[in-house]
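Please look through the structure below with these numbered remarks beside you, and take them in order.

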Amino acid sequence: MELHGRLILFTFLHGFLLLCMNTPMESATLPSCNTFGNETDRLALLDLKKRITQDPLHVMSSCNDSLNFCNWVGVTCNRCTKRVVILKLTTQKLAGSLPKSIGNLSHLTGIDLVNNSFAGEIPQEIGRLGSLRSLNLSRNSFGGKIPSNISHCAQLRVLRLSIK
Ligand SMILES: *[C@@H]1O[C@H](CO)[C@@H](O)[C@H](O)[C@H]1NC(C)=O
Ligand SMILES: *[C@@H]1O[C@H](CO)[C@@H](O)[C@H](O)[C@H]1NC(C)=O
Ligand SMILES: *[C@@H]1O[C@H](CO)[C@@H](O)[C@H](O)[C@H]1NC(C)=O
Ligand SMILES: *[C@@H]1O[C@H](CO)[C@@H](O)[C@H](O)[C@H]1NC(C)=O
Ligand SMILES: *[C@@H]1O[C@H](CO)[C@@H](O)[C@H](O)[C@H]1NC(C)=O
Ligand SMILES: *[C@@H]1O[C@H](CO)[C@@H](O)[C@H](O)[C@H]1NC(C)=O
């Protein structure tokens, strides 16, 4: 138990250091984190919002510039880099499709859109998400083929695509 606990702590610290390593060490004693987040991520999220055709619960109304996109409903950012790491909008009665620009959310590790009415094809650009570990799109109405480019998601462990 004791060893296990230490290992977890070590892994945590190691991960934290890795995440903040791209901040110049000489400029501050504490790792300085990004304040606003990456514009590319913001534009991709706004693109997704534009593709939503039905939103009876008004979940996407929080996606506006009075809030930083890291605080938008369904969005989780890395606390230091402020890059979007998880997109989770389950059971929100959303209809729409996925924009190609979802492939610009290059730090995503998880997408969970289970139990909505998303339709259309899953864009090939999903293959640009090299950190994606979990893609859970079950209980939607996606059509077409599984994008061949998904083979580039080298970290992918979970792929769920069951339809309604
Ligand atoms: C934002 O992210 C994109 C894609 O990962 C990257 O090319 C760009 O350099 C980033 N911009 C900033 C200001 O970090
Ligand atoms: C932006 O989102 C916030 C948080 O949900 C909300 O309080 C505010 O009314 C929204 N503003 C607009 C212009 O929709
Ligand atoms: C995001 O992705 C789209 C489509 O893949 C691309 O055309 C666009 O230039 C990208 N936008 C930014 C801001 O990186
Ligand atoms: C799926 O969403 C529908 C409403 O759109 C809801 O009635 C149902 O309970 C949800 N199912 C699950 C398993 O959450
Ligand atoms: C397919 O994935 C590769 C590797 O990530 C990427 O370079 C390429 O742009 C993707 N293709 C499309 C159409 O997005
Ligand atoms: C989707 O799959 C991921 C990975 O297995 C899981 O963590 C998540 O709970 C699933 N989402 C739902 C709504 O079941």
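1. A cavity, on a 1 Å grid over the protein atoms alone, is a set of points where a 1.4 Å probe fits but cannot get out; grid points are joined across faces, edges and corners, and a volume is the space filled by probe spheres set on the points. By this rule the count comes to one cavity of 30 Å³ or more, and the volume of the largest cavity is about 30 Å³.

2. This is a predicted model, in which local features need pLDDT of at least 70 and side-chain atom pairs count only at pLDDT 80 or more, while totals for chains, interfaces and linings use all residues. Residues are numbered from 1 along each chain as its sequence is written, chains are lettered from A and ligands numbered from 1 in the order in which they are written, and side-chain values use heavy atoms, with hydrogens and water left out.

3. The largest cavity is lined (an atom within 4 Å of a point) by L45, L48, M60, C63, W72, V73, V75, L87 and L89. This lining divides into nine nonpolar residues, no polar and no charged, where Leu, Met, Cys, Trp and Val are among those that count as nonpolar.

4. Around ligand 2 (a heavy atom within 4 Å) are S61, S62, N64, S66 and L67, a shell of one nonpolar, four polar and no charged residues. A polar side-chain atom of N64 lies 2.5 Å from an oxygen atom of ligand 2, a polar contact being a pair of N or O atoms within 3.5 Å.

5. Around ligand 4 are T91, K93 and N115, and an N or O atom in the side chain of N115 is 2.4 Å from an oxygen atom of ligand 4.

Methods
A polar contact is a pair of N or O atoms within 3.5 Å; within protein, one must be able to donate a hydrogen and the other to accept it, and residues adjacent in sequence count only if both atoms are side-chain atoms. On a 1 Å grid over the protein atoms alone, a cavity is a set of points where a 1.4 Å probe fits but cannot get out, and a pocket is an open set with protein on both sides within 12 Å along at least five of seven lines; lining residues have an atom within 4 Å of a point.
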